Amino acid sequence: MKRTLIVAGTLLLGAGAVMAQQEIAVQQDNLMRSQAKSLYNIMLKMAKGDIHYNQKSVDEALTTLEADVGKIAKTFETNPKQDVVNATYGSSPKVWQQKADFDSKISPVQKAIAEAKGKIHDVASLKAAYTVINDRCNDCHETYRLKLK
Ligand code: HEC
């Protein structure tokens with residue numbers, strides 16, 4: 001009886017840890033998706049003319065993006081040791097093997113955003129800013145993001 005209880009308890013603890021790890025992976029993924037919303041769904045689409053240029057939307061996207069990027073280091077502090085279920089992209093183990101180098105890829109993105117602020121006023125300047133910011137995002141992805149499918 002006692003033994004059964006212990007086994008059941010251990011199983012429960014195990015399930016809890018798995019849930020928590022999946023939650024961490026989801027939080028990391030959600031942060032990246034939120035960044036993609038600002039950069040791709042708003043800025044890129046406007047730069048390509050898929051949606052009309054709108055100054056307020058551009059300014060808001062940049063502000064949201066800046067806040068999100070500022071959360072990367074902390075959000076990726078813990079290695080969830082698993083990918084989000086069914087995700088297209090996952091984190092390379094290298095993120096946590098060399099976290100300082102991973103973190104060093106964040107400030108160039110922040111710098112590109114800071115430099116774009118107040119300088120985007122039409123499609124041409126939006127395109128230029130998009131390219132610079134996106135290059136910095138990809139600079140981290142090249143090393144630390146894995147394509148899963
Ligand atoms: C310091 C490293 C780093 C920087 C900077 C970074 N990313 Fe990521 N990104 C990752 C890692 C690691 C993953 C894979 C894990 C994940 O999806 O959470 C990822 C995944 C993604 C994904 C795929 C999400 C999915 O599963 O569909 C998108 C989209 C994305 N990033 C957008 C961006 C954008 C936009 C920027 C720049 C504003 C950016 N990232 C900056 C590390 C970074």
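The protein comprises seven helices and two strands, where helices (H or I, at least four residues) and strands (E, at least two) are DSSP runs numbered from the N terminus. The model is predicted: local features need pLDDT of at least 70, side-chain atom pairs count only at pLDDT 80 or more, and totals for chains, interfaces and linings use all residues. Residues are numbered from 1 along each chain as its sequence is written. From the N terminus on, the order of the elements is α-α-α-β-α-α-α-α-β.

Of the 149 residues of the protein, 21% count as buried; a residue is buried if 20 or more other C-beta atoms, placed from the backbone, lie within 10 Å of its own, exposed if 12 or fewer, and partly exposed in between. Two residues are in contact if their C-beta atoms, placed from the backbone, lie within 7 Å. Among contacts between residues at least 6 apart in sequence, 80% join residues at least 24 apart.

Leu126 touches Met43, Met46, Ala47, Val58 and Ile120, with residues up to four places away in sequence not counted.

The axes of H6 and H7 come within 8 Å and cross at roughly 170 degrees; axes are lines fitted to C-alpha atoms, for helices over the stretch in contact, and angles run from 0 to 180 degrees between N-to-C directions. H6 is therefore roughly antiparallel to H7, a term for angles over 145 degrees. Pro108, Val109, Ala112, Ile113 and Ala116 of H6 meet Ala129, Val132, Ile133, Arg136, Cys137 and Asp139 of H7.

Around the ligand there are 26 residues, of which Met32, Ala36, Cys137, Cys140 and Arg145 come nearest; a residue is near a molecule if its C-beta atom, placed from the backbone, lies within 6 Å of it. H1 gives the most to this shell, with seven residues.

In the loop between helix H3 (72-75) and E1 lies Lys81, which has a positive phi of about 55 degrees although it is not a glycine. Lys81 is exposed, with 12 other C-beta atoms within 10 Å.

How values were computed. Parallel < 35°, antiparallel > 145°, perpendicular 65-115°, else oblique.
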